[in-house]
Amino acid sequence: MIATDLRQQYDQQGYVIVRNAIDPDLAAETSAHVDWLLQKYPDMRPEQLHHELLVDDPFMHRLVGDDRLLDIVETFIGPNIALFAAHYIAKRPYDGQEVLWHQDGTYWPLEPMEVTTIWLAATDSTVENGCMRVLPGTQHNRLLSRAELQEVDDGKNVLASGIHPSQIDDSDVIDIELKAGDVSIHNPQIIHGSKANTSDQWRKGLTLRYIPTSTWVKRAEHANILLRGRSVPGVANLYAARPRFVPGEHMAFYGCEYW
Ligand SMILES: O=C(O)CCC(=O)C(=O)O
C-alpha cells in the first residue's frame with residue numbers, strides 16, 4: 001500500500017494493516033525473544049512483558065529501529081521518531097487473557113497526544129487465539145479519562161480496567177487477523193481490545209508506541225529510545241543509551257555482534 005492510501009485509511013478508520021512488514025526470520029526471532037524473556041522472568045505473565053524489561057535490551061533496539069518499521073511510522077508522525085513504550089502482549093494457549101475495550105490515550109502521559117502504535121505479529125494472530133479487535137471510526141470519539149473507566153481488577157484481564165460495556169456498540173467490530181510479520185497501526189483514540197486465547201496456539205504480539213520527538217513524555221525518569229532524526233530542544237524527554245550486546249546476558253540474534 002502506498003503512503004497516501006495508508007494515511008487515508010488510518011484517518012478514516014483509525015487503523016490500517018501492512019502485510020509482510022518484516023521478514024519471517026525477524027518475526028521468528030521476535031517470537032523467540034518472548035520465550036527467552038519468560039525464561040529470564042519466570043514469574044511474569046506473558047501479557048505483562050513491559051517497557052522496563054525491554055528498554056535496555058539490544059534485540060529490542062534492533063527491532064524497533066528497523067527501517068521497514070520506521071518508514072511506516074514516518075508516514076504518520078514525521079521524520080523525528082522516538083519510541084516511548086514497548087510491551088509484549090503474548091497469550092498462552094487456552095490461558096491468554098482478554099484486553100477490555102479501551103482507548104490507549106486514556107493511560108498515557110503525553111503532551112500533545114501525538115503518537116501512533118505499531119502492533120507487530122510475532123506469530124499468526126487469529127480470532128481463535130485472541131487477535132486485536134477495533135471499532136472503526138471511534139478515534140473521533142472523545143478521549144475518556146481514567147476516572148470514567150470501569151475498574152475490573154480481577155487478575156483476569158490485561159489492563160485491570162476498561163470502558164463500561166454500556167458505552168460500547170460493537171456492531172461494526174473488525175477482528176484484525178494477522179500473519180507473523182504483519183503489522184497493524186492504530187490511532188491512540190480508537191476503541192479496541194481483544195478476547196482471551198481459547199485455542200491451542202500461542203498469540204504473541206508486540207505493541208510499539210512511537211512518538212514524534214516533539215511529544216513530551218511527562219513521566220519522571222522514563223527512558224525513551226531515539227530512533228530517527230533529532231530530539232527537539234526544550235522537550236524534556238530522556239533517551240536510553242544504545243545497549244551493548246553481552247553474550248549470556250542478552251538473547252543472541254542475527255547481527256548481535258555489531259551491538
Ligand atoms: O494485544 C492486544 O490484544 C491488545 C492491544 C492493545 O490493547 C494495544 O495495543 O493498546
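Reply: Buried residues make up 40% of the 259 residues in the protein, where buried takes 20 or more other C-beta atoms, placed from the backbone, within 10 Å of a residue's own. Bear in mind that this is a predicted model: local features need pLDDT of at least 70, side-chain atom pairs count only at pLDDT 80 or more, and totals for chains, interfaces and linings use all residues. Residues are numbered from 1 along each chain as its sequence is written.

As for the fold, you get 5 helices and 15 strands (DSSP runs numbered from the N terminus: H or I of at least four residues for helices, E of at least two for strands).

Now the ligand. Around it sit Ile89, Val99, Asp104, Thr117, Trp119, Met132, His192, Ser194, Gly205 and Thr207, with near meaning that the C-beta atom, placed from the backbone, lies within 6 Å. Sorted by class, that shell has 4 nonpolar, 5 polar and 1 charged residues; Ala, Val, Leu, Ile, Met, Phe, Trp, Tyr, Cys and Pro count as nonpolar, Asp, Glu, Lys and Arg as charged, and the others, Gly among them, as polar. Strands β5 (116-121), β11 (191-194) and β12 (203-212) each bring at least two residues to the shell.

Follow β11 and you land in an open sheet of 4 strands, ordered β3-β11-β6-β9 with antiparallel pairing (pairing takes at least two DSSP bridges). Its edge strands, β3 (99-102) and β9 (174-175), each pair on one side only. Between β11 and β6 (residues 132-135) there are 4 bridges, and the two run antiparallel; Leu135 stands opposite Ile191 in β11.

Conventions:
A residue is buried if 20 or more other C-beta atoms lie within 10 Å of its own, exposed if 12 or fewer, and partly exposed in between; C-beta atoms are placed from the backbone.
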